[in-house]
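Reader: Hello! I would like to learn how to read a protein model one feature at a time. Could you guide me?

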Amino acid sequence: MGVSGIDEREELRRTVRAFLAEHADEAALRRAMESTVGHDPDVWRRFAGELGVTGLAVPEEYGGAGGIAELGVVCAEAGRVLMCGPFLSTALAGQVMVASGDAEACAAYLPGIAAGETVATVAVAEADGRWRTSAHTSAHTSHTSAARQGDGGWTLSGTKWFVTDGMTADLVLVAASTDDGPQVFAVRTDAVGLTRRPLATLDLTRRQARLDLDAVPARRVAAPDGAALVDHTLDVAATLLSIEQAAGARWLLEATTAYARDRVQFGRPIGSFQAVKHKLADVLVSVESAHSAAYRALDTWATGDPEFPLVASLAKAYCSEAYLHAAHEAVQLHGGIGFTWEHPAHLYLKRARSTHELFDPPSVHRARMAELLSVESGLPH
């Protein structure tokens, strides 16, 4: 890693943080939560288009720039302030397209994503709420959403649940069953036969939707192995979400530590009490470990390390619990104010709880890690 690369990423971090401080502060966050679409479209256009964040890790021939490390920088800054906007879902969809190797599909969709003109997302989970569909998990399920090929091309039928930013996306990458196993299909959200319904969610800073597909025209995203592409999609999703979780947990630690220094009780700052020190020390250990796990996953993805699936699951399992731990302690240590609507602690607690389940909870990722390790060792599983 060159010094210039580090300097460039730090400059990117400062730029993104300054933009979000101006346009995505707590007041803006609360306005977005109360809006119909769940984010400010004007702010999103500037964030995606002017800053070019959705083009990070997209090849230059499709209008992109930067790389996976830069994508991680933006993901962390967005997670730090609970940014309302389809960054995670659009970035994930772009990386699925890149990983597919389908040059025609990339040429058709990536320029719009890179320019910030196309909001995209992925649709994998179904009624059981599970995301994993490969043989490398004990939570094995098959897609009930099915794709059929006819004279007019491919069509999709079925239902997809928990689609992040599904109500505002222009493009959805859908995992569906075919006679050759799971495949990924690109669907425009204005396609005939597609119905979108908003889901009631705990976390209003990230909207989710249910998609009903009734013979919806679709374009298959060609990949050498469709099941492997779906698995890679979820590994990338787990990694990006882990980066976000680690950043949110760190913000909670910083905010709670500052409060413990300033809040005086019985004539002394509450941070001077041994019990409070112990709680904050435990959170610090969790946050630092979460940071290490998340960025290790990012590094294995960027370098093409074959351990990426294992490390991605490790990061998602650990960061989910670390974020929830930090959020619980923040609410408790802020005392009465931490339980009120006016304080932001509850917003982070809701984000921590929702991301704990998104792209599968820790228990599923631990089971997957055990099976991946047993496959590597040759042990029965």
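**Reading the model together**

Author: Gladly! D165 counts as buried, with a relative accessibility of 9%. Keep in mind that this is a predicted model.

Reader: Why does D165 count as buried?

Author: Buried means under 20% relative accessible area. D165 has 9% relative accessibility, so it counts as buried. Its place is in the loop between β3 and β4 (171-178).

Reader: What is phi of D165 near?

Author: Phi of D165 is near 55°, a positive value in a residue other than glycine. A215 is not a glycine either, and has a positive phi of about 50°.

Reader: Where does A215 lie, and is A215 buried or partly exposed?

Author: A215 lies in strand β7 (residues 208-221). With a relative accessibility of 41%, A215 counts as partly exposed.

Reader: Now a strand residue with its neighbours, please. What does F162 touch?

Author: Leaving out residues up to four places away in sequence, F162 touches A125, E126, G129, W131, L199, Q208 and A209. You will find F162 in strand β3 (residues 153-164), and at 28% relative accessibility it counts as partly exposed.

Reader: How do I read a loop residue such as T189?

Author: Begin with its place: T189 is in the loop between β5 (181-188) and β6 (194-198). Next comes accessibility: T189 has a relative accessible area of 13%, so it is buried. Then look at its contacts. Not counting residues up to four places away in sequence, T189 touches A169, D170, L171, V172, L194 and R196. One of these, A169, has its backbone oxygen 2.8 Å from a polar atom of the T189 side chain.

Reader: Which residues make the contact of α4 and α5?

Author: From α4 come L71, V74 and C75, and from α5 come F87, L88, A91 and Q95. By class, the contact of α4 with α5 has 6 nonpolar residues, 1 polar residue and no charged ones.

Reader: Thank you! I will look for each of these in the structure.

Notes:
Residues numbered from 1 in each chain as written. Predicted model: local features only at pLDDT ≥ 70, side-chain atom pairs only at ≥ 80, totals over all residues. Heavy atoms only, no water. Helix = DSSP H or I, 4+ residues; strand = E, 2+ residues; numbered from the N terminus. Buried < 20%, exposed > 50% of the residue type's maximum accessible area, 1.4 Å probe, protein only. Polar contact = N/O pair within 3.5 Å; in protein donor to acceptor, adjacent residues only side chain to side chain. Contact = heavy atoms within 4.5 Å. Nonpolar A, V, L, I, M, F, W, Y, C, P; charged D, E, K, R; others polar.
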